[in-house]
Amino acid sequence: MNISKWFAGIAILLAAPLFVSAQQGESHIGKVSGNAGAGKQLYYRYCWGCHGFRGDGSGENWMPTGSFASSPYLNIQPRNFVAATFKCRSTPTGTLPTDQDIYNSLVRGLTNSNMPSWITLTDQNRADLVAFIKTLSERWKTEKAGAEINVPAEPALTVQSIQHGKELFTKLECWKCHGPEGRGDGPSASTLTDSNDQPIRPYNFAGGSRFKCGTTNHDLYKIFMTGLDGTPMPSFADVIKPEDAWDLVHYLRTLQVSHKSPELVLWEGTKEGAEIVKAQKLHGTPTGSGVAQ
Amino acid sequence: MRIKNVFLAGVAVLTVSMIMPARPSGGTVSGKITYEGTPAKQKPIDMSKEPTCAKQYTTPPTTETVVTGANNALENVVVYISAGAPDEAAPSKAAVFTQKGCRYLPHVLAFQVNQELEVMNEDQTSHNIHPLAKINREWNKSQPPGTPPIVDKYDKMEFIPVKCNIHPWMHGTFAVLKNSHYAISGSDGGFALPNLPAGKYTITAWHESYGEQSQDVTISGSETKTVSFTFKAKPY
């Protein structure tokens, strides 16, 4: 009995390093397991032109060499996989994303950047790429992905919820960057830079584009709770209660005036909302709607 | 029984307090940080976009990329032992970084690896605290007025620039160091690293605009050695 326990212990000790090294070359997205060796082939076919030979985000499509060396071709630098700071995560700020998070970015692409959707690849291809991307940074060797933040079930959409979200938008000073109407023209907007000192624009809700990290209310919730690491967008996880967060989601949807969401329809059905949305659609100038500057 | 315990504890405390001052406190490295040349002129900060902060000043505060004192003294230089001293466990006291009047107090905060860091917001406006770590983890958190301190720690040595994206004039530094032998030069440029056991040390001085300089020094007994650094100032 004792001896068998002892043997089992030894077996676990011996197997542990094997298990860890195997994990580093793998990714797990649902039932699909990715392999870094296969991902490497794909990376040096599809990705390295922008993301670079070493994955540091300085491929020749980003910063050409020779006489054009000082003028980048791309207006947003490709992700630096060596630093492993990722915008789109379901994990807290400062932590590594899950395999699924990176996979989702490959599926979606990143709106308003040069990163396309890689929907043309197979599920297996994308899983393999995720596995390879994780070998490009030392961080994956010592750190695990962060724990996914808890997103509670979305409560029913009400006018009160939208109104409360509007108050939060003012109180939390989202408008400092995103503008009083969410047009990305707040007082700090023109000064923003990302973590590489490159100018960066806050999201313009009225512009009609998708969010950087997804399209659903669930995605929107995660965006402001996790923050977009490497950008000026901070995490609000410590300062917004989950029920308040959903109110903010409902209000933010009404700022997307060109996207007929259930939130916008409900908001336009109220006297207050109809006036605000009308002004936003027609003039695109600050309505001074409850924003004390 | 209980009285005896209390008595013994009392004796122990007395003994320790009697022994402590008698123990040799080791050597000291002290000196002065100066600059030569013309440092960049610091510009007044326009805080008009943040009235709650602007109204806290009668004259606008200036930027702090180079802060100088009389007789070419250079302030905000982190002086630390980069070689020769063993890594130390973090002290239990938290290092406190305060946002007040849309500025960072202190402008340069030094603390140890794995020491608790507390970030406070004493302003009536939201800040986002964005330490741009490259070796440690980079995070970015919003801190509206009246919310509890943000608590974190760093597990690797690094000089981390800190900024607030909402108020682009706010810049500071976290100096995460491996041991407790560090000092930040004051308005007279002076610094002191006391309680150094005998040994050979590399003393490094770091300034956010002028970079790093190092000097070797050997300490024996309880002597005080003078080590001074002069940085070349650039006017732009």
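This is a predicted model: local features need pLDDT of at least 70, side-chain atom pairs count only at pLDDT 80 or more; totals for chains, interfaces and linings use all residues.
1. In chain B, strand β9, which covers residues 127-131, pairs with strand β12, residues 158-163, and the two run in the antiparallel sense with 2 bridges between them. Within this pairing, the residue of β12(B) that stands opposite B:Pro131 is B:Val162.

2. Strand β12(B) is also joined to strand β13 of chain B, residues 171-177, by 6 bridges, and these strands again run antiparallel. For a reader tracing this pairing, B:Lys163 has B:His171 in β13(B) as its bridge partner.

3. Where the two chains meet, 19 residues of chain B are in contact with 22 residues of chain A. On the chain B side, β9 and β10 (141-143) each supply at least two of the residues that touch chain A, and β10(B) gives the most, with 3 residues. Sorted by class, this side of chain B has 9 polar residues, together with 5 nonpolar and 5 charged ones.

4. Turning to chain A, helix α9 runs over residues 242-255, and its 14 residues reach 21 Å from the first C-alpha to the last, which is close to the 20 Å expected at 1.5 Å a residue.

5. Is α9(A) mostly covered or mostly open? The helix is mostly covered, since 11 of its 14 residues are buried, among them A:Trp246, A:Asp247, A:His250 and A:Arg253. The buried residues of α9(A) pack against four named helices of chain A, namely α6 (159-171), α8 (217-226), α10 (262-268) and α11 (271-282).

Terms used: Residues are numbered from 1 along each chain as its sequence is written. Chains are lettered from A and ligands numbered from 1 in the order in which they are written. Two strands pair if DSSP finds at least two bridges between them. Two residues are in contact if their C-beta atoms, placed from the backbone, lie within 7 Å. Ala, Val, Leu, Ile, Met, Phe, Trp, Tyr, Cys and Pro count as nonpolar, Asp, Glu, Lys and Arg as charged, and the others, Gly among them, as polar. The expected span of a helix is 1.5 Å times one less than its number of residues. A residue is buried if 20 or more other C-beta atoms lie within 10 Å of its own, exposed if 12 or fewer, and partly exposed in between; C-beta atoms are placed from the backbone.
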